[in-house]
Amino acid sequence: MSYITKSPWVIHYDGSSCNGCDIEVLACLTPLYDLERFGIVNTGNPKHADVFLITGGINEQSRAVVKNTYDQMPDPKVVVAVGICAATGGVFRECYNIMGGVNEVIPVDVYVPGCAARPESIIDGVVRALGILEEKRAKMAENGGDKK
Amino acid sequence: MITGIPFEILFAIGFVILAPFIGAFIVGIDRKVTARKQGRVGPPVLQPLYDIFKLFEKEKVVVTNEVNFYILSHLIFVVFTGALFFSGGDILLVIFALTLAHVFLILGAYAAVSPYSHVGAGRELLQLMAVEPMLIIAAAGFYMVTESFAVKDIVLSPGLPVMTIPLIFVGIVFVLTIKLRKSPFDLATSHHAHQELVEGLTTEFAGPTLGMVEIAHLYETVFLLGIVWLFFASASMPWIGVLAVIIVYFLEILVDNTTTRVRWQVMLRSAWLVALVAGAVNLGVLALM
């Protein structure tokens, strides 16, 4: 019996986006979609988080922040890249300061498509991430609490 | 009747085993009611238990090893506080044990080197300062009514203590908001998403360490509601106290949902003012009678 899928806490970070996907992530927490009914809480603190929701591409300034935030999260953890910019850099990918998608810096588990991603597809992405989270937890438990 | 040593030990053991589950149920109802008030469905009632079980599935990440020692001490002393209270012990010792428990939590937050947890720890100290006078006055009030500091004697004394010390009851309900970490006094850390301090006091606690803080909070919730019950303590009609506890807790949820966080100055001044007015008037009248 695993409890990690019943209580995934989310940290949300906006890399270098137009802010559209951010608004959609926050829309997921409103009464209409109410993510908390799945036990999902937006913590804003990497040390409490299980799911890293990241929107927007990565630029030279946000690279270190994303890496640091990811490293601070205790295992098991999953990364969900929300929106096309987080996947590839999107319309900004040719900009001089953009490195590309989130996978340039940290490993991504789930890509949520869309510009901007719809709240329904973000919720769908998080639910898929929970399956991966459970796999990682089982693997961790097999190795006696060590990752990998 | 609550007499004889075996019964006291039974109550203490009962608290240690049952309090986390009762506390989780109370917090779960709290989250559900809060969600309904905001027009949401809300998480399952057992969500606080899922959260804690999950935290123990996570990797042990800690900034310095002292943190684990302080947080474990915090948990042990919160359990000790509640067990002492429910076994009918000395209410002054109960209050001091609770203070010691919170000092350990503050030391834990200071040991984790981080600006957020340092500011959270500073605010927790201020919350402790704000609450302490009212708790001591309440203990004095109980003594003047029943001529004993022992919780057991207070429960067995005839009549409801709240009839003689109503103002002190109001004061305790006021500081209860601070103790339960509810808005407008959730300065040190908050259960709600995002605040200006990230998560304040608990920012640097992760996984099992945070789990211990959460379990301690469940024990503390049950203990604090036990103090509310004590004002309506009556050996023949315990349900009056239970009814009072339910009403007080729903009032806390209402206040939590309708107010915004205040600055620490406002919290400290208002808590001390309430303690001074409620305590001086109520104890003064009792002394003159």
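Which two helices of chain B have axes that come within 10 Å and cross at roughly 10°? The first legend answers this question; all views show a predicted model.

**Figure 1. Packing of helices H5 and H11 in chain B.** The two elements are helix H5 (residues 115-146) and helix H11 (residues 264-288) of chain B, whose axes come within 10 Å and cross at roughly 10°. Because angles under 35 degrees count as roughly parallel, H5(B) is described as roughly parallel to H11(B). On the side of H5(B), the contact includes Arg123(B), Leu126(B), Met129(B), Ile137(B) and Met144(B). H11(B) contributes, among others, Trp264(B), Met267(B), Leu268(B), Trp272(B) and Asn282(B). By class, the residues of this contact are 18 nonpolar, three polar and one charged.

**Figure 2. Overall form of chain B.** Chain B contains eleven helices and zero strands. Its radius of gyration is 19 Å, close to the 19 Å that the globule rule gives for 289 residues, so chain B is as compact as a globular protein of that length. Taken along the principal axes, the C-alpha atoms of chain B fill a box of roughly 55 × 45 × 40 Å. Of the 289 residues in chain B, 49% are buried. Among contacts in chain B between residues at least 6 apart in sequence, 76% join residues at least 24 apart.

**Figure 3. Overall form of chain A.** Chain A has four helices and seven strands, and their order along the sequence is β-α-β-β-β-α-β-α-β-β-α. The radius of gyration of chain A is 15 Å, close to the 15 Å that the globule rule gives for 148 residues, so this chain is as compact as a globular protein of that length. The C-alpha trace of chain A spans about 45 × 35 × 20 Å along its principal axes. Buried residues account for 49% of the 148 residues in chain A. Of the contacts in chain A with a separation of 6 or more, 80% involve residues 24 or more positions apart.

Figure 4. Five strands of chain A form an open sheet in the order S2-S1-S3-S5-S7, with parallel pairing. Strand S2 (41-42) and strand S7 (110-112) of chain A are the edge strands, each pairing on one side only. Strand S1 (residues 9-14) of chain A runs parallel to S2(A), and two bridges join them. Within this pair, Trp9(A) stands opposite Val41(A) of S2(A). Helix H1 (residues 20-27) of chain A packs on the sheet, where it touches S1, strand S3 (51-55) and S5 of chain A. The direction of H1 makes about 145° with that of S3(A).

**Figure 5. The surroundings of Gly83(A).** Gly83(A) is found in the loop between strand S5 (78-82) and helix H3 (84-88) of chain A. Is this residue buried or exposed? Gly83(A) counts as buried because it has 30 C-beta neighbours inside 10 Å, where 20 or more are required. Leaving aside residues up to four places away in sequence, the residues that Gly83(A) touches include Ser17(A), Cys21(A), Thr55(A), Val112(A) and Cys115(A). The C-alpha atoms of Gly83(A) and Phe52(A) are separated by 14 Å, and these residues are 31 residues apart along the chain.

**Figure 6. The contact of chain A with chain B.** Chain A supplies 21 residues to the contact, and chain B supplies 25 residues. On the side of chain A that touches chain B, five residues are nonpolar, eight are polar and eight are charged.

Technical notes: Residues numbered from 1 in each chain as written. Chains lettered and ligands numbered in written order. Predicted model: local features only at pLDDT ≥ 70, side-chain atom pairs only at ≥ 80, totals over all residues. Contact = placed C-beta atoms within 7 Å. Nonpolar A, V, L, I, M, F, W, Y, C, P; charged D, E, K, R; others polar. Rg over C-alpha atoms; globule rule 2.2 N^0.38 Å. Buried ≥ 20, exposed ≤ 12 C-beta atoms within 10 Å, placed from the backbone. Pairing = 2+ DSSP bridges. Axes fitted to C-alpha atoms, helices over the stretch in contact; angles between N-to-C directions. Parallel < 35°, antiparallel > 145°, perpendicular 65-115°, else oblique.
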